Amino acid sequence: GLRDLQTILWIAQAAGFGNSWHDLHLHGFITQREAQGLARRERFLQRLRLHLHLHVGRREDRLLFDHQTALAEKLGFSGSPTRRPSEQLMQEYYRTAKAIMQLNTILLQNLGAAIFPSPNHPPIAINPRFQNAHQLLDVTHENVFNETPHAIFEAFLLMQAHDELKGMTARTIRALWRARHLVDEAFRADPVNRATFMEILQQPQGQTHVFRLMNDTSVLGRYLWVFRKIVGQMQHDLFHVYTVDQHILMVLRNVRRFFMAEHAHEYPFCSQLAGGWDKPWILYVAALFHDIGKGRGGDHSQIGAEEVRRFCRQHGVDREDARLIEFLVREHLTMSTVAQKQDLSDPDVIGAFAHRVGNERNLTAMYLLTVADIRGTSPKVWNAWKGKLLEDLYRATLRTLGGRAPDAAAEIEARKREALVLLALNALPFEAHKALWATLDVSYFMRHDAADIAWHTRHLSRHVGGAKPVVRARQSLAGDGLQVMVYAADQADLFARICGYFDRVGFSILDARVHTANNGHALDTFQVVASSASEQPGHYRELTHMVESDLMRVIEEGGPLPEPTRKRVSRRVKSFPVAPRVTLQPDEKAQRWLLAISASDRAGLLYLVARILAQHHLSVQLAKVSTLGERVEDTFLIQGPELQNNARQIQIETELLQELSS
């Protein structure tokens, strides 16, 4: 922003080159057009800062969410059907900042060279147009790109091909910046340029660095005209923390890291799958286009699919690869939706997803893109539990695609055998499991894997049907937070009471699996994370003891459910509230009901929902909690006699909406 511009002028003044953009032009550092552009951008930032101070009533140099809408209106930005005034303001700001950053890089390098001339080592020629100057790519003369427009893409290709090149000289960056207008319709239609662009994508290395350079110099946005529309576009959806173009480049970087051996420790399973993938460039293209349709109204996945279909046709991508790329862009949200919102223990869910995916190649590509996409939204959105859900969905779908039709009986028997092996390793007496397992039905064994079944059995084999509740906790096998098991005589408000406890002590529930045994006892398992939890094992042990003793006391004491605590919502939620949405519909078999909730996140939200469900005597069988930054999308599998009455259904939905809106 302004400080970058001030730094340039301070250095110029100290070195005796003047103290204005006009002076820098007279000394040959920038052209007259660049001087005018810098002055215009400086005026925009000064005007923005001035209005910010007036709006806040004091000095405030942070463009917080709270102020963006009011400032946009004061500066004359008007809303459109697809974009808010604040989004238009922020796009203008980010584009201004990007241009300043680019000119800053050029000017500081040129000023540095003028003040401290480097030793006169002659550059090493690469070809007639480029040379290696102190490990930086340098043009042989200023007019290289004007004389040979094909050299624009050649510069980026050379950056990939020559490991010794650590960047570009200021002269090269400046020449690219000035030549960006050459990337016009004729340039985009030139078969040589199209072939070179595909060659850049298909190189064995360097895509992350090169595409960021192409974006910084505005070459990428001028070549992919649809990309130009999303440069600097802010996403006010409360969980994307990057502009659309930076998010896309972050996803490209994440995909690229799956194919790099030095990053295999980050996501071993993704790296393993990437190791067997033959055409990484297919995933790079899908990453470039997956969100390219944002801000244009309608379904951005469908718009992106149409754009990438046109790209593949223009760039000679063969039909099979083009079909896969289009599929990935169109369906890039599908896998995360199924994993985070549907019951993965239901064979019908897996079967429907497998049918939609079609084959193993599509599934692997979709999995890799999905992990890269979620990781590229915000550092806060990804967690180990989401990773486990996605991997479980991948493996279950792979089995189905391999011809193994979902066989509930065989799957249950396999889990039981594996659980018995684990129990034997823990020296559980022979047949000690029978008393507990006799009270559990098929749905329990389908919803829990062998490790969970063994854990439950080990702790409950001596307490089957007991009057005293049993609470056990351990560090989650997924890696983050705790796994908490509750075994107690069933009661209508048990789920709500447990949610209330987790809310009060500051735990967030990621997943809940609720089961009622045929002896009238509830066996519930929760995945929870504490916002203050450290990674030290000792801290997890403390949390485990606290949860086991405190939660058991809460269940034993009973009494009326406590009133929910009302806490302040964050500034971002206040500035960009999410209109709450509640849908209630029967599942595929019309035996249970799916309750879907979307709303702004706030402390105690899950308890508010659970409390209303308890008041209507509705039992929760499965709860999936998906937190996307400061928006939640929760899904519950519920049942109860009141759901058979249309008037009661409407009443439940209305109460939930009122509570979420308050």
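Reader: How many residues does helix H23 have, and what is its reach from first C-alpha to last?
Author: This is a predicted model. In it, helix H23 covers residues 408-425 and has 18 residues. Its reach is 26 Å from the first C-alpha to the last, close to the 26 Å expected at 1.5 Å a residue.

Reader: Which residues of H23 are buried?
Author: Ile412, Arg415, Ala419 and Leu423. Seen down the axis of H23, the buried residues fall within an arc of 75 degrees, so they line one face of the helix.

Reader: What follows H23?
Author: Ala427 does, with a positive phi. The value is about 60 degrees, although Ala427 is not a glycine. Most residues other than glycine have a negative phi.

Reader: Where is Ala427, then? Buried or exposed?
Author: Ala427 is in the loop between H23 and H24. It is exposed, with a relative accessible area of 64%. The cut-off for exposed is over 50%, so Ala427 qualifies.

Reader: Now the start of the chain. How far apart are the end C-alpha atoms of helix H1?
Author: They are 18 Å apart. H1 has 13 residues, 2-14, and should span 18 Å at 1.5 Å a residue, which agrees.

Reader: Which H1 residues are buried?
Author: Leu2, Leu5, Ile8, Leu9 and Ala12 are buried. Viewed down the axis of H1, the buried residues lie within an arc of 130 degrees, so they line one face of the helix.

Reader: What do they pack against?
Author: Three helices: H2 (21-26), H3 (32-56) and H5 (85-115).

Reader: What sits on the face of H1 turned away from its buried side?
Author: That face carries the exposed residues Arg3 and Ala14. Just after H1 comes Gly16, with a positive phi of about 85 degrees.

Reader: Switching to strands. What is the order in the open sheet of four strands?
Author: The order is E1-E2-E3-E4, and the pairing is mixed. Strands E1 (124-125) and E4 (167-168) are the edge strands, each pairing on one side only.

Reader: How do E2 and E3 pair, parallel or antiparallel?
Author: Antiparallel, over four bridges. E2 is residues 130-133 and E3 is residues 136-139. Phe130 stands opposite Val139 in E3. Ala133 stands opposite Leu136 in E3.

Reader: What about E3 and E4?
Author: E3 and E4 pair in the parallel sense over two bridges. There, Leu136 stands opposite Gly167 in E4.

Reader: How many residues lie between E2 and E3 in the hairpin?
Author: Two. His134 in the turn has a positive phi of about 55 degrees. Gln135, in the loop between E2 and E3, has a positive phi of about 65 degrees although it is not a glycine.

Reader: Last topic: rings. How many aromatic pairs are there?
Author: The count comes to 23 aromatic pairs. One of them joins Tyr501 and Phe502: tilted, 5.6 Å centre to centre, with 55 degrees between the planes.

Reader: Are those two buried or exposed?
Author: Tyr501 is buried, with a relative accessible area of 1%. Phe502 counts as buried too, at 0%.

Reader: What kind of pair do Phe502 and Phe507 form?
Author: An edge-to-face pair, 6.0 Å centre to centre, with 65 degrees between the planes. Both Phe502 and Phe507 are buried.

Reader: Which residues do ring pairs link into a cluster?
Author: Phe153, Phe187, Phe197, Phe211, Tyr223, Phe289 and Phe311.

Methods:
Residues are numbered from 1 along each chain as its sequence is written. This is a predicted model: local features need pLDDT of at least 70, side-chain atom pairs count only at pLDDT 80 or more; totals for chains, interfaces and linings use all residues. Side-chain values use heavy atoms; hydrogens and water are left out. The expected span of a helix is 1.5 Å times one less than its number of residues. Buried means under 20% relative accessible area, exposed over 50%, partly exposed in between (1.4 Å probe, protein chains only). The arc is that of the directions from the helix axis to the C-beta atoms. Contact means heavy atoms within 4.5 Å. Two strands pair if DSSP finds at least two bridges between them. Rings of Phe, Tyr and Trp (its six-membered ring) pair if their centres lie within 6.5 Å; planes under 30 degrees apart count as stacked, over 60 as edge-to-face and the rest as tilted.
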